[in-house]
Every structure is written in structure tokens, then in C-alpha cells.
Amino acid sequence: MFEVNFGTLGLDEQLQARGLKDVYEANLARALAYGETLAADGLLPFARQASDAPELNDVGKAADRIRDGFKHLIVLGTGGSSLGAQAAIAIARYLPAHISGTATTIHTPDSLCPFEMDRLFAVLNPKETHILAISKSGTTAETLAQLLACREWLEKGAKPENAGEHFTFITEPGDRPLRTYAEKLGSPVLNHPTDVGGRFSVLTNVGMLPVEVSGLSARAFRVGAEQVTRAFTETPATAAAVVGAALTQTLHVHAGVSQVLLMPYAEALRAFTRWHGQLWAESLGKDGQGTTPIRAVGPVDQHSQLQLFLDGPNDKFCTFVTIPSLGEGPRIDAAEARAYGLDYMANRTIGDTVTCQSRATQETLRKKNRIVREFVIDRMSEENLGGLFVSYMLETVITAHLMGVDAFDQPAVEEGKILTREYLAKL
């Protein structure tokens, strides 16, 4: 699954040198007590998504129908209704079907951009396109606007006998606009779990339907999540989520750390950083509190943000995610490298370079008195990504508990939604 590394000096020694060890241990005890309470209560709904759950049969059938009938899938959803799926399916691009171009292509216009919608409508064939609309509340303005535009585009271009066959919906049960629309259209509707919020929904049908369409395995994602939740329940004292929450709270309150950096050294995890950014910011930014998430991807952001991380204010808790890649990727010709004075590259692979860059960046940050955490996952797989999802969600919830805020609401965001509707009504 994954291992957590704090460097050769170790976390306790680094905290001791900063005079933070006692404070950290107090926060760790609080985090552990809450973790044990969660474990005793059977954990939270987002962590109880089972790999043998009956609803995965419905997800599989819906995915088969989409894959068999359509070359393109447009996922309409914003925030948690899209970011989790984007993070999950990012590894599918390395599957043989995607490399050969035979897989269903998934498009995720999660930002309501008029130019992006125009572009999609211009390049896609509506006859070959399926629409998946996702909104927990069934009232998300951006999703509804995109849906109405897609319906008009599809009916004008494809002129289908049954437009409902081009649509699938995910929303909560009850009287809500999205469900009413789906029923009138005669399209399939999957129930969004009522006890799982959007930004925690990646392991539900919200994230797992796109996963299945992409050719990945929803069950494998959940197997990985089950492994992490089982370990959390059995030994919460060593769980990455407990340690991470206690450390974040300690550094924030007692060391002036106001930002959390997530920097994977894998292009496939770029979308994961966007998912984490929403999860962290919307769950913890309340009552004048919270730490700001920063997204970066190595090695490319060594050439854009690393100067700030190294030589700017020491106000960041840095987490790296790495995958062993020594010997992986194209190998650099030794003679060519030496001909240009690049002896250190001779006969090395691209994976060798990335591995050494990650090590060097982490150690340089530590020498600059930064505390750096590294998640080392043994390979890029559905199981490992499912485990990372649930670990970060648990860490977020425990951090919220230590801060004294509710991880599951977003009261400030609701004010903006109300004003948006008012402004639209006045146009």
C-alpha cells in the first residue's frame, strides 16, 4: 500500500529540536482518542464503501451501457461531483485501451466556462456522446446550466428517437430538480448516498461510475480503501491520518505553518492534488481558521514554486507522494550523454532522474528546517489510490476535530450561491 517517511532524522527528533514534541504528543493523544471513537462507531460513511456492496452491480451495468453505446462521456458536475472522479480516472490513461484509442473518452468540464462548452460541442459528435449529470442536492446551478445546454446540443445534432438513452443521472432521492428532469427524460438515475457529502463521495457511485467507464475497477479502489480503514480501526495510533492531523495542528498553532503542500512526483496524481485542495479547503476553512492547500507536481514545479518553498517563509507543511521508479521509462544513450558532457545521465532512465530529483528536493527542504512527509506507494494502482483517498479523508476529518470545526458543512459558500441566483434573476 504505502509507507510514510519523515527522513533520516525522524519526526520525534525534528519536533524535539523545535521544542514542539510535548505539544505534538498532546495533539496526537487527542487525535488518537477521536480516531478510536471513530473506529468504535464503525467509522464514517465515506470509509464504509464496501468492495462487495450491491450498488456496484448497478454501477457496472450503467458503465457497460455507456461504454457499449458511446465513444465519449461528458461528466457534468462541479466540486466533489467531479474532482474525485478526475483524480481516480487519471491513471486509466496508461491502460492499453487508452493508449490504443479504443476506450470511451471522458470529458470533465467541471468549471462552468462558456468557451469550454463551445469547444466540446464543436469537436464532439452528439450521436457518439453520453451525458452523466451529478449533483447531490439536485440544484447545483452550474450542473443544471450545462445539462440544459447539452440537451439542446444533443437533440439538434443527433436527433435521437429517445434522448433519454444519452443521459444518466446521480442525485439524492426526493423531490429535486435534477431527479424530476431525469424522470421526465426517461433516463436512468442512480441514488447519491444521502449520508456522504460531495467532496467525500469519490468512493461512491459518483466517482466509481466514471472509474468503471474508464476501464478501471471500482472494486479494486474499494479494496484498497478497505485495507486502510481496517488498519485504521485495528491500530489507529500508527495510522497516517492520525499522525498527519496531529502534526498539522501542532505546526499550525505553534509554528506559524499556515499552508499545506501536496507534491506528488507522478503526473498521474496531478488531478489528485486538485481533489485534495477542495477537500481540505472546504472542510477546514471556517471560523477564521484553516490552512491553505498548495498544489504542485514534481519534477516540473521544482522550476516554478520550489524557490519559494525553500527560500520563502517557513510556513508550509510539505507532503510528497512518490512511486519507486528506478530503472523505469526510456533509457538515455550513454555515448550521446557523454558526447555533451552529461556523464551523470549516461545509461540512466527517466525514472532514475525523477527518483533522484525527489530525494534531493526533500533533503534540501529538510536542511532548510522544513518538516517533510513522504508517502511512498509501491505502484500506481486502483488499490493504492483508493487507500490514499480514504487516508486523506480521515486525516481531514480528524484535523477538523482538533480545530473544533465541522468538516462536513460549507456555510460561507452557500451565501455566494444565493447571491448568484439573485443576480441571474435580475439580468
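1. Helix H9 opens this note: Asn205, Val206, Gly207, Met208, Leu209, Pro210, Val211, Glu212, Val213 and Ser214 are buried in it. Buried denotes under 20% relative accessible area, exposed over 50%, and partly exposed in between, with a 1.4 Å probe and protein chains only. Helices (H or I, at least four residues) and strands (E, at least two) are DSSP runs, numbered from the N terminus. H9 spans residues 205–214 and is mostly covered, 10 of its 10 residues being buried. Just after H9, Gly215 adopts a positive phi of about 100°.

2. The basis of the note is as follows. The model is predicted: local features need pLDDT of at least 70, side-chain atom pairs count only at pLDDT 80 or more, and totals for chains, interfaces and linings use all residues. Residues are numbered from 1 along each chain as its sequence is written, and side-chain values use heavy atoms, with hydrogens and water left out.

3. The largest nonpolar core has 88 residues, of which Phe46, Phe272, Trp275 and Phe389 touch the most other members. Helix H16 (residues 382–403) supplies the largest share of this core, 12 residues. Apart from it lies another core, of 20 residues, including Leu76, Cys150, Trp153 and Phe169. A nonpolar core is here a set of buried Ala, Val, Leu, Ile, Met, Phe, Trp, Tyr and Cys residues joined through side-chain atoms within 4.5 Å.

4. Two residues illustrate the packing. Not counting residues up to four places away in sequence, Phe46 touches Val196, Phe200, Leu203, Val390, Met393, Leu394, Val397 and Phe408; contact means heavy atoms within 4.5 Å. Gly387 belongs to helix H16 and is buried, with a relative accessible area of 0%. Leaving aside neighbours within four places in sequence, Gly387 is in contact with Met1, Phe2, Gly224, Ala225 and Val228. By comparison, the C-alpha atoms of Gly387 and Leu120, 267 residues apart along the chain, are separated by 33 Å.

5. Strand S10 (residues 372–377) has five of its six residues buried, so this strand is largely enclosed by the rest of the structure. Strand S1 (residues 2–5) runs antiparallel to S10, and four bridges join them; Asn5 stands opposite Glu374 in S10. Strand S9 (residues 316–322) pairs with S10 in the parallel sense over five bridges, and Thr322 stands opposite Val376 in S10. Strands are taken as paired if DSSP finds at least two bridges between them.

6. The whole structure contains 18 salt bridges, each defined as a side-chain nitrogen of Lys or Arg within 4 Å of a carboxyl oxygen of Asp or Glu. Asp409 and Lys286 form one of these, at 2.9 Å from N to O. Asp409 lies in the loop between H16 and helix H17 (411–426) and Lys286 in the loop between helix H12 (270–284) and strand S8 (292–295), so the pair ties together parts that are 123 residues apart in sequence. Asp409 is partly exposed at 29% relative accessibility, whereas Lys286 is buried at 8%.

7. Other salt bridges deserve mention. Glu172 and Arg176 meet through their side chains at 3.7 Å, N to O, and both are buried. Lys136, Glu172 and Arg176 are linked in a network of salt bridges. Arg366 is bridged to Glu363, the closest N and O atoms being 2.7 Å apart. These two residues are three places apart in helix H15 and therefore separated by about one helical turn. Arg366 counts as buried at 15% relative accessibility, while Glu363 is partly exposed at 32%.

8. Most residues other than glycine have a negative phi, and most peptide bonds are trans. The peptide bond from Gly298 to Pro299 is cis, with omega near -5°; Pro299 is found in the loop between S8 and helix H13 (306–311). Asn347, although not a glycine, has a positive phi of about 65° and sits in the loop between H14 and H15. Asn369 likewise has a positive phi, near 70°, and is located in the loop between H15 and S10. Asn347 is partly exposed at 43% relative accessibility, and Asn369 is partly exposed with a relative accessible area of 43%.
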